[in-house]
Structure formats: structure tokens, C-alpha cells
Amino acid sequence: FFFFKQKTAYEMLRSLVGSEMCIRDRIQPATNPQYQIKIGFRACISGEIFDPAQSICESCSRDKYSFSPREDKICHECPQNAECPGRNIIQVNQGYWRTSSISTNIYECNPLGDQCLGGQDSKCKEGYSGPLCEVCLVNETHIYFRQGAVTCVNCKEAGNSVAIVCTFVFLYTLYLIFVIRMNVM
């Protein structure tokens with residue numbers, strides 16, 4: 001025999017969609033076997049909201065999101081300058097940036113540059129980092145420096161340019177010395 005306190009077996013099975021359950025049984029003496037079933041449902045996770053009418057967790061659909069299943073009673077509309085494929089995902093458009101993957105504050109990057117790639121984690125173009133991707137990257141393998149208002153240039157690449165310019169200046173200086181000597185004689 002099955003004992004259910006609040007719902008019939010049909011009602012429980014209908015509300016199990018997308019949930020996990022744990023079933024345990026106990027056998028009483030063989031003359032009168034009885035089973036006790038304990039069912040546990042997982043709590044709603046980020047990207048879901050609880051629907052009390054059906055007693056289930058529902059995923060947020062396209063153009064909506066939810067970060068906090070305990071606090072959010074509805075899925076929120078996708079913020080401007082972003083795409084929301086559903087659940088708890090907000091993908092920032094190119095040219096925009098946000099502080100973290102759970103922030104809804106979206107900021108426009110410098111319109112003169114293309115350093116903000118967007119995406120779920122607000123990626124920056126290679127050589128850029130920090131808020132609004134405006135800081136030139138410096139780490140153990142790469143050093144970038146500011147060139148102009150919004151451009152970060154790799155020092156290795158700039159080193160090649162400097163060597164070419166220095167070589168050109170040196171050769172031009174030799175040419176001038178040669179021309180001056182020829183004119184003096």
C-alpha cells in the first residue's frame with residue numbers, strides 16, 4: 001500500500017517533471033507488507049522561477065532571465081543592449097560592458113574604439129582589460145601600452161616598428177652626411 005499525505009500518485013507524478021526524487025522503502029512483517037515512500041524535490045536553481053499553481057520550477061524563456069529563484073517571482077525582461085537566450089544568461093552586445101555575469105547594469109564602451117567584444121562575460125579585445133576595456137593589458141606574457149586615445153599596442157610589435165624607424169633615421173642621416181660632404185668638396 002502507498003501512503004500519501006497531500007497528493008494522489010497521479011498528482012505527484014505530474015509535478016515531477018524536471019525534478020529529482022529519492023525513493024526509500026521499508027518492509028514491515030511479511031504478513032502485512034507496507035511501504036513508505038519519501039520523495040524529495042530539488043529547489044529551483046538560477047534561471048528558474050517557482051510556479052505555485054503547478055508546484056514546479058519553470059525555466060525562463062527567450063528574452064527573459066532570473067538570477068535569484070528565492071527572490072524572483074517572475075522572469076525579468078532582458079536589459080537593453082543585451083540578448084537573453086533564456087534561463088540565467090545575459091549576453092552583452094558588442095560595444096557594451098558589465099562588471100560581472102550576474103550584473104544587469106550595462107555600460108556603453110568608448111564609441112571610438114572596438115575593444116568591448118561583449119558576450120556573457122563581457123570579454124575585451126586582446127590587449128585590453130579592466131572596466132569598459134579601457135586599460136591596456138599588462139601580465140607575465142604581454143605588455144601593451146597606450147597609443148592615442150583608445151588604442152593599446154603590444155610592446156613587441158611596437159619594438160619592431162621602432163627598430164624600422166631607427167634604421168630609416170640612421171640611413172637618412174648617413175645619406176645627409178654623404179650629400180653634405182659631396183657639396184663641400
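Is Tyr65 buried or exposed? Tyr65 is buried, at a relative accessible area of 10%, where buried stands for under 20% relative accessible area, exposed for over 50%, and partly exposed for the range in between (1.4 Å probe, protein chains only). The model is predicted, and local features need pLDDT of at least 70, side-chain atom pairs count only at pLDDT 80 or more, and totals for chains, interfaces and linings use all residues. Residues are numbered from 1 along each chain as its sequence is written, and side-chain values use heavy atoms, with hydrogens and water left out.

The chain as a whole comes first. Its secondary structure comprises two helices and 14 strands; these are DSSP runs numbered from the N terminus, helices being H or I with at least four residues and strands E with at least two. Of its 185 residues, 22% count as buried. Among contacts (heavy atoms within 4.5 Å) with a separation of 6 or more, 28% join residues 24 or more positions apart.

A search of the whole structure finds two aromatic pairs. Rings of Phe, Tyr and Trp (its six-membered ring) pair if their centres lie within 6.5 Å; planes under 30 degrees apart are stacked, over 60 edge-to-face, and the rest tilted. Tyr65 and Phe67 make a tilted pair, with 5.1 Å between centres and 50° between planes. The pair of Trp97 and Tyr107 is tilted because its planes stand at 40°, with the centres 6.4 Å apart. This pair links distant parts of the chain, since Trp97 belongs to strand 7 (residues 96-97) and Tyr107 to strand 8 (residues 107-108), 10 residues apart. Trp97 is buried at 12%, whereas Tyr107 is partly exposed at 39%.

Trp97 also belongs to the largest nonpolar core, which has eight residues, including Cys109, Cys116, Tyr128 and Cys133. Such a core is a set of buried Ala, Val, Leu, Ile, Met, Phe, Trp, Tyr and Cys residues joined through side-chain atoms within 4.5 Å. Leaving aside neighbours within four places in sequence, Trp97 is in contact with Val92, Tyr107, Cys109, Cys116 and Leu132, among others.

The search for disulfides (cysteine sulfur atoms within 2.5 Å) finds six of them. With the bonded cysteines numbered in sequence order, the pairing is 1-2, 3-4, 5-6, 7-8, 9-10, 11-12. In the disulfide of Cys44 and Cys57 the sulfur atoms are 2.0 Å apart, and the S-S torsion is about -95°, so the link is left-handed. Cys44 lies in the loop between helix 1 (9-14) and strand 1 (48-51) and Cys57 in strand 2 (residues 56-59), so the pair ties together parts that are 13 residues apart in sequence. Cys44 is buried at 16%, while Cys57 is partly exposed at 23%.

Cys60 and Cys75 are joined with their sulfur atoms 2.1 Å apart, and this link is left-handed at -85°. Cys60 is buried at 5%, and Cys75 at 14%. The disulfide of Cys109 and Cys116 has its sulfur atoms 1.8 Å apart and is left-handed at -90°. Cys109 is buried at 5% and Cys116 at 2%.
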